[in-house]
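Please look through the sequence and the structure shown here.

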Amino acid sequence: MEQLNELVALLTGHFDNKAQFEEKEKAGENFPYARHVNTVCNEKITNLPADFEGLFVVEESYYTGNGSTHAAPHLFLFTQEGEDVKLTSYEIPQGYDKNTFTYDQLGEVDYNQLKVSEKFTPALYRKVDGVWEGGSVSMFSPVLKFTLFERFSPEVLEVTESMEVNGKRTFGYDEPILYKRVGKEE
């Protein structure tokens, strides 16, 4: 579980891309201001199997662009697979939605009620030259493709996401969003 704990330690905390956002804004480029709050939440999940070795993480993502902010929360399970770490996405638990699913608002959730996302292809991460990298390609529908590629180091979380409908990109940027660790208030 050494790799699992190392990767999840890199990912937990408060992050934003303020430096990158300000640079893009000065250059007149349209780029989102993005924040992530990632928190391990195993203590809020009841009925975990006795031999359970995975780590559940609530990811709260907030994207601001064109004057509005939208939330995109997720529940992920990280498990060690040999020397690699696998990320499996779960549906937001029943009783929550994208505006109410946060670590602070999450009450106890029964493990047996959690549902793996059928749309998201699990992502596999491998440590290469001291940096964790990986991702996956998911077909959310026959015409909607979601591509994820990420690189994680102590300095920065690089996240590249794109959506394509019939081969035409409808969401995403030509370069990764660069998240840096920040204090809680920022």
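Apart from neighbours within four places in sequence, threonine 88 is in contact with Leu75, Phe76, Leu77, Val116 and Pro122, where contact means heavy atoms within 4.5 Å. The model is predicted, with local features requiring pLDDT of at least 70 and side-chain atom pairs pLDDT 80 or more, while totals for chains, interfaces and linings use all residues. Residues are numbered from 1 along each chain as its sequence is written, and side-chain values use heavy atoms, leaving out hydrogens and water.

Threonine 88 lies in strand E7; strands are DSSP runs (E, at least two residues), numbered from the N terminus. Between threonine 88 and proline 122 there are 4.7 Å in space, C-alpha to C-alpha, although they are 34 residues apart in sequence. Is threonine 88 buried or exposed? Threonine 88 is buried, because its relative accessible area is 10%, and buried means under 20% (1.4 Å probe, protein chains only).

Histidine 36 belongs to strand E2 and is likewise buried, with a relative accessible area of 5%. Its contacts beyond four places in sequence include Gly13, Phe15 and Tyr179.

The largest pocket holds about 870 Å³ of space. A pocket is an open set of points on a 1 Å grid over the protein atoms alone, where a 1.4 Å probe fits, with protein on both sides within 12 Å along at least five of seven lines; lining residues have an atom within 4 Å of a point. The volume is the space filled by probe spheres set on the points, which are joined across faces, edges and corners. Of its 34 lining residues, Ala72, Pro73, His74, Phe76 and Phe140 are the closest to the centre.

Key:
Helix = DSSP H or I, 4+ residues; strand = E, 2+ residues; numbered from the N terminus. Buried < 20%, exposed > 50% of the residue type's maximum accessible area, 1.4 Å probe, protein only.
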